[in-house]
Amino acid sequence: METEGPLLQFAPLQSFVSPSFWHKLTEIKIDFDRLNDEPKSICGYYSPRQAKSCLLEVDCTAFNSNFKEPKFCFKAYGTIYNKNTLEKFKETDKTSLLQQEGSKLLEEFRTDTILKDPSRLARFFILSFADLKNYNYYYWFGFPSPLTSTLKLMNPVVKLRDIPEKGSLIQEAFAMRGAECAGNFFILSVNKDNKNCFTLKEFVNKFKSLPEGGIKDLYFCFADNSEYVEPSWVMRVYVAFLLYKCPFLLQQKLQFVGVRYDRDMNWNESQIWQVKQSIEADDYLKEFNNENVKFVGWELNRNRKLQPRMISMKASMDPTILAENSVNLNLKLMKWRLLPDLNLNILATTKCLLFGAGTLGCAVARTLLGWGFKRITFVDSGKVSFSNPVRQYLYTHQDACKDNIMKSTIAAERIKEINPSVNSSGYVLNIPMPGHPIGERLKEQTIKDLSKLKDLAQQHDAFFLLTDSRESRWLPTLLGTAYQKIVINAALGFDSYLVQRHGSTKRAEKIGDSATEVQVDNLRCIKGEDLGCYFCNDVTAPGNSLKDRTLDQQCTVTRPGVSNIAASYAVELLVSLLQQPLKELSPAYYATTKGANGNTSDIPEGLLGVIPHSIRGSLFNYENILPATRKFTQCIACSEKVVGAFQAEGDIFLFKVFQTSTYLADLTDISKFGEINNEVIDLESDLELSD
């Protein structure tokens, strides 16, 4: 008596959805289907050539009415149920849907539909919901198959390469009519004396009972996209159909060949399973004729659970992300060869606070965008005027024509229009200034503005001082010192400019490194924590710089190219600092002997070159110099006395400063100029500021 072996297991099909499928589904949903969620016929494909993971694939061609499968692949028929809402997707009765799709398959068993097109044995359907707003797609594949009696494996699985003589005959039989048999489902009759190949339709119509010679020479072949010992799920449907159409095969030992091609289209990896269905023919047919026949086939998710999957297509669909990838192309190409160590992430995550949204503010913002900065905040209290757009190129003539168009808010909107991935905001705030008294009527609003300015200062990493007066830079300088932020200052003259980084109150040990003062030829190092700020070279406290001045003195009258040069240097200086391990504590160098060149080629370089303390340039002779100065111990903005008073008294101290221009001079003792032992040089006398 023949011994029956273990149950035959099948390798479940695994879906692979090309991104192009979701792109096409989105197009169809938006332009054609709209609110129509009726099921739609689609097609997929699978390949037995060097098969991996038993994949069934769909791509953008799935919706084509004249679908053509790729080379070396076979067609699979499917249906997509794309619901209008996530709730409808969740509420869909999954059991009923599988039963509905299975019933359609069974109906094609009963008719000649499958005999006309055996590809219909490879079936699937998709339940989906397209969240077009967030570019998220929820989906669940089903591969329906009737739940019939199990097959028993009668002998161990054999590969054709292990039976070369028989394998050769099998391939020769297929070669006789391979083109006519399509190759996905066919039957071979093979022995030493006779070889024949039947299509599925030919076999069903020819054999109504067991052949006289039995079925030992028959091989039921199918394109097998499984890489495992177990055959593909496609064979399960194939067996069910054969036994339904040819019940005389029941209780017979059947030989199924899973055709698996290697790269050269040889069958050597193909496998033969000898199986048997022990159920009586009448009982088997009853299973199919029963209206309550059950089906199986829902795909497991990646966690091996019976649950749907979700894929986010933001990276390839969201215009914001697509724009970001394109915008950053230049920066990414830098890393290929020129600057492989360039840290783009630190640029994208550094939060920049721009005090001033005028000529310098617009130019700095645009250059920040070019370097991939994603977090930019503007602080300005001005409105767009007719004189602005030609120099401040985040604004237009139409902005000036409208009432109450504030620079800070419109500037934030404009840079989002340039790069939608930027997180930008604008605040209409007055920056209180030393020597500008605050009346009782404005005191409450000033307190609110101060609170917001301090909050913004603490939330950001780097400040740009770009305002239109010297005294309006005092408070940002103080906040940058007190909160240990990177501060970059830019000031303009008619044909000259100054760009400067302020010294830091951090200590080197916080970063884990230290710069020592070393002499390099005629250059000496000043550590980052010892560098001066914008006010360290002054020996007077800031006052009202616009008082008693004519119009040409109140406005910044400069050659138009000066602001762009200064803004570019300001941003490049910040980028260079951020690429250094010490960042704002990076040292600067100055000449130590009278008449020394201080050649920049001798200065130690960072990733992007030298990192100066300040850059003073002139368009008159097209020259730059790189001076470096130490902190002034009696500085009215960054000295310990001033910072300590601010930290101790807060707004009370600030209002004292705003009330009179002499308060800071008295606090720091610079009013006693004759007692100062430090040599002080005023470097700012020829510089105006930005508007």
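Among contacts between residues at least 6 apart in sequence, 74% join residues at least 24 apart. The model is predicted. The chain holds 23 helices and 26 strands. Of its 691 residues, 51% count as buried. Its accessible surface comes to about 32,400 Å², and 49% of that belongs to carbon and sulfur atoms.

The largest nonpolar core has 83 residues. Phe 21, Phe 109, Leu 200, Phe 220, Tyr 238 and Phe 256 have the most contacts inside it. Helix H7, residues 233-245, gives the most to this core, with eleven residues. A second, separate core has 53 residues, including Phe 373, Phe 378, Ile 415 and Ile 486.

An α-helix has 3.6 residues a turn, so residues three or four places apart point the same way.

Helix H20 covers residues 560-578 and contains Ala 566. Ala 566 counts as buried because its relative accessibility is 0%. Val 562 counts as buried at 0% relative accessibility. Beyond four places in sequence, Ala 566 is in contact with Leu 360, Leu 492, Tyr 497 and Val 499. With those neighbours again left aside, Val 562 contacts Leu 492, Gly 493, Phe 494, Asp 495, Ser 496, Tyr 497 and Leu 619. Gly 617 is a further reference point. For Val 562 and Gly 617, the C-alpha distance is 9.3 Å and the sequence separation 55 residues.

Now the charged pairs. Side chains of opposite charge can pair when their charged atoms come close. The count comes to 19 salt bridges. In one of them, the side chains of Glu 108 and Arg 120 meet at 3.0 Å, N to O. Glu 108 lies in helix H3 and Arg 120 in the loop between helix H4 and strand E5, so the pair ties together parts twelve residues apart in sequence. Glu 108 is buried, at 11% relative accessible area. Glu 108, Arg 120 and Arg 123 are linked in a network of salt bridges.

Glu 584 and Lys 506 also meet in a salt bridge, at 3.0 Å, N to O. Glu 584 lies in the loop between H20 and strand E24, and Lys 506 in the loop between strand E21 and helix H18, so the pair ties together parts 78 residues apart in sequence. Glu 584 counts as buried at 6% relative accessibility, whereas Lys 506 counts as partly exposed at 23%.

Finally, the surface. Leu 329, Leu 333 and Trp 336 make a nonpolar patch of about 370 Å². Leu 333 sits in helix H11, residues 329-336. It counts as partly exposed, at 38% relative accessibility.

Note on methods: Residues numbered from 1 in each chain as written. Predicted model: local features only at pLDDT ≥ 70, side-chain atom pairs only at ≥ 80, totals over all residues. Heavy atoms only, no water. Patch = residues over 30% accessible without salt bridge, like charges linked within 9 Å, V, L, I, M, F, W, Y side chains within 5 Å. Areas by Shrake-Rupley, 256 points an atom, 1.4 Å probe, with all protein chains shown as cover. Salt bridge = Lys/Arg side-chain N within 4 Å of Asp/Glu carboxyl O. Helix = DSSP H or I, 4+ residues; strand = E, 2+ residues; numbered from the N terminus. Buried < 20%, exposed > 50% of the residue type's maximum accessible area, 1.4 Å probe, protein only. Core = buried A, V, L, I, M, F, W, Y, C linked by side-chain atoms within 4.5 Å. Contact = heavy atoms within 4.5 Å.
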